[in-house]
Amino acid sequence: MSYDTLIHWIAQFGYAALFFALWLGIVGMPIPDEVVVMTGGAVSKVGLLYYFPAFIITYLGVISGLSLGYILGRFFGSPVLDKLRHKKNLGKHIQTSEHLLNKYGNIALSFSYFFPVVRHIVPYLVGINKMSFRRYILYSYTAGLVWTSVFFVVGQFAGGHVETIGTMIYHYGIYVGLALIIGIVIFMILKSRKRSKA
């Protein structure tokens, strides 16, 4: 599915297209989650969708997709992971995910959102390790809200450059994401200072 197809689907099916594009991210949608979330922000900015419902549906799509990973890990466990480990592209991401969990414990679930692919593997691993669903919700859903908010707002500023910026974030991960967050914070501070002077 291309970016143009995603826009076409949103125009055709509205909020449902946003939800399912993110929910199906767990099975490897060809469009990065960052691009989909930013697209939600961009289309709500131009009035194709309403802002608040678009944000809520986007957030639900993000957490539903990752919760599916947790459920699969909990009930299907290691055999599936062992098969995935032999896939060239996934092996290194599984290693990274395991390293993050070993080093940082449950908190890794929160910041794994900012690592493409890893964000889908970590919920699976914590499911295998039998983390309680209540604890999973505490860490994952809170971080998911922050992550969704950041990229949804970035999408509003990105406009027609959503695909380019989102793809850069996907490839360069947390560094580009942090730069964008810092940029937005600086922009908001400068804007509020201008208002207070006026």
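The structure holds 2 salt bridges (a salt bridge is a side-chain nitrogen of Lys or Arg within 4 Å of a carboxyl oxygen of Asp or Glu). Asp-33, Glu-34 and Arg-119 are linked in a network of these salt bridges. This is a predicted model, in which local features need pLDDT of at least 70 and side-chain atom pairs count only at pLDDT 80 or more, while totals for chains, interfaces and linings use all residues. Residues are numbered from 1 along each chain as its sequence is written, and side-chain values use heavy atoms, with hydrogens and water left out.

**Fold and confidence**

- The protein chain has 11 helices and 0 strands, where helices (H or I, at least four residues) and strands (E, at least two) are DSSP runs numbered from the N terminus.
- Along the sequence the pattern reads α-α-α-α-α-α-α-α-α-α-α.
- The mean pLDDT of the protein chain is 82, and 86% of its residues reach 70 or more; pLDDT is the predictor's confidence in each residue, from 0 to 100.
- Confidence is highest in helix α4 (residues 51-76), at a mean of 91, and lowest in helix α11 (residues 174-197), at 69.

**Burial, contacts and surface**

- Of the 198 residues in the protein chain, 43% count as buried; buried means under 20% relative accessible area, exposed over 50%, and partly exposed in between (1.4 Å probe, protein chains only).
- Among contacts in the protein chain with a separation of 6 or more, 76% come from residues 24 or more positions apart, a contact being heavy atoms within 4.5 Å.
- The accessible surface of the protein chain is about 11,000 Å², with 66% of it belonging to carbon and sulfur atoms; accessible areas come from the Shrake-Rupley method with a 1.4 Å probe, and for residues only the protein chains shown count as cover.

**Salt-bridge network**

- Arg-119 forms a salt bridge with Asp-33, with the closest N and O atoms 3.4 Å apart. Because Arg-119 lies in helix α8 (residues 118-128) and Asp-33 in helix α3 (residues 33-45), this pair ties together parts that are 86 residues apart in sequence.
- Arg-119 also forms a salt bridge with Glu-34, where the closest N and O atoms are 2.3 Å apart. This pair links distant parts of the chain, with Arg-119 in helix α8 and Glu-34 in helix α3, 85 residues apart.
- Arg-119 counts as buried at 3% relative accessibility, and Asp-33 counts as buried at 9%. Glu-34 is buried, as is Arg-119.

**Helix α9 and Ser-140**

- Helix α9 has 26 residues and reaches 35 Å from its first C-alpha to its last, close to the 38 Å expected at 1.5 Å a residue; the expected span is 1.5 Å times one less than the number of residues.
- Ser-140 sits in helix α9 (residues 133-158) and, at 1% relative accessibility, counts as buried.
- Leaving out residues up to four places away in sequence, Ser-140 touches Leu-109 and Tyr-113.

**Nonpolar patch**

- Ile-71, Leu-72, Phe-75, Phe-76 and Val-80 make a nonpolar surface patch of about 480 Å². Patches are made of residues with over 30% relative accessible area and no salt bridge, with like charges joined within 9 Å and nonpolar side chains (Val, Leu, Ile, Met, Phe, Trp, Tyr) within 5 Å.
- Helix α4 gives the most to the nonpolar patch, with 4 residues.
- Leu-72 is in helix α4 and is partly exposed, with a relative accessible area of 30%.
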